[in-house]
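Work through the two exercises below with the sequence and the predicted model open beside you, and try each task before reading its solution.

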Amino acid sequence: MLQAEDEIAGLGAVVGASFAGKKAMTATSGPGMSLKTEMLGLATIAELPLVCVNVQRGGPSTGIPTKSEQSDLLQACFSAHGDVVRPVLAPISVADTFGITVEAFNIAEQFQTPVILLSDQEIAQRKETVDPIDTRKVEVVERRRPTVAELAGYQRFQATESGISPISHPGMPGGNYLASGIEHNERGAPTASGEVHSRMNEKRLSKLEPLERRRDLFFQEGNPRAALALVAWGSLAGTAREALRLARQEGIDVKLLVPKLLYPVAEEVYAEFFRGVACGLVVEQSHQGQLYRMLRMFVDVPRGVRPLARSGSLPILPASIVERLHGLVLELQGRLVPEVEPAG
């Protein structure tokens, strides 16, 4: 562990450790994430694996540092200059934090990219009794190392079918290369060629496409054919699951989707979930309803699906969700009642 002098140096040390061939992570909250953004760009263009944890609290700026919020989602997904996609994951409980952190490292190593882990204060600062974790069953992914043949005339950013290139480390014979923030060719040499820049952009973006098909990074519960739907993430997942149980006890047929992968948006997963949905709620602890807004950018969200969004320090209770579901049931029943032509 290294206690750095500031947020920028903290991520800088992680970038250096990754360049040296080691797995590394750093943790912060919203304001610190703002400071780390430039260095995350360096890790992106140099294709260096790392994990950056953001424990969200009320913002902007110092905001309400003692209260939980989910208002850093747009920052995590879009606070980068240039054409950048960085994977964003979120735990849904204290116990899940262990597994999703391992997953964040695995994705970082497999795809050679920085990964953002979006926790929130509701999860990060509470205690839970959890079942023992059998670490022998945990899959650990390592980065792709160059073969002896690849080290002959080594090309760090070699074009491959998967977009993932062999990555060396200092001291590896034949593995020297330049890792900098400037655009580069396959060998790592600086370039201002628009053609090369376009190819490298395509390489960095297309290599993440398999991630969008990871259905195991989503949790679903309820009748898959239900016309009513809930979507919730992070600490609100537990609230939504309780609301789902209460609603079903009251005869409301509803289903729930909990994404652990927030970005890139898994368009096919959401399209399948929303198929046949007439009404629903995207439940989140942010004033803007950031996940709802982001889904509408990438997914054909049914018109009857709306945000249930509140600022941090205003808890969303299961009963509040059920109450809104009752309103949606009445709305849905109104749509199903056939119109009767007036007599005469």
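**Exercise 1.** Decide whether phenylalanine 273 is buried or exposed, and then work out how its ring is placed relative to that of phenylalanine 274.

*Solution.* Begin with accessibility: phenylalanine 273 has a relative accessibility of 2%, and because buried means under 20%, this residue counts as buried. Phenylalanine 274, with a relative accessible area of 6%, is buried as well. Next, turn to the aromatic pairs, of which a search of the whole structure finds eight. In the pair formed by phenylalanine 273 and phenylalanine 274, the ring centres are 5.5 Å apart and the planes meet at 65 degrees; since planes over 60 degrees apart count as edge-to-face, the pair belongs to that class. Finally, look for a charge over the ring: lysine 255 lies over the face of phenylalanine 273, at 4.6 Å from the ring centre.

**Exercise 2.** Where is serine 286 found, is this residue buried or exposed, and which residues is it in contact with beyond its neighbours within four places in sequence?

*Solution.* First locate serine 286, which is found in the loop between strand S10 (279-284) and helix H10 (290-298). Its relative accessibility is 0%, so serine 286 counts as buried. Then examine the polar atoms: one in the side chain of serine 286 lies 3.2 Å from the backbone nitrogen of glycine 289. Lastly, with neighbours within four places in sequence left aside, serine 286 is in contact with Gln70 and Ser71, and also with Ala309, Arg310 and Ser311.

Methods
Residues are numbered from 1 along each chain as its sequence is written. This is a predicted model: local features need pLDDT of at least 70, side-chain atom pairs count only at pLDDT 80 or more; totals for chains, interfaces and linings use all residues. Side-chain values use heavy atoms; hydrogens and water are left out. Rings of Phe, Tyr and Trp (its six-membered ring) pair if their centres lie within 6.5 Å; planes under 30 degrees apart count as stacked, over 60 as edge-to-face and the rest as tilted. Buried means under 20% relative accessible area, exposed over 50%, partly exposed in between (1.4 Å probe, protein chains only). A charge sits over a ring if NZ of Lys or CZ of Arg is within 6 Å of the ring centre and within 35 degrees of the ring normal. Helices (H or I, at least four residues) and strands (E, at least two) are DSSP runs, numbered from the N terminus. A polar contact is a pair of N or O atoms within 3.5 Å; within protein, one must be able to donate a hydrogen and the other to accept it, and residues adjacent in sequence count only if both atoms are side-chain atoms. Contact means heavy atoms within 4.5 Å.
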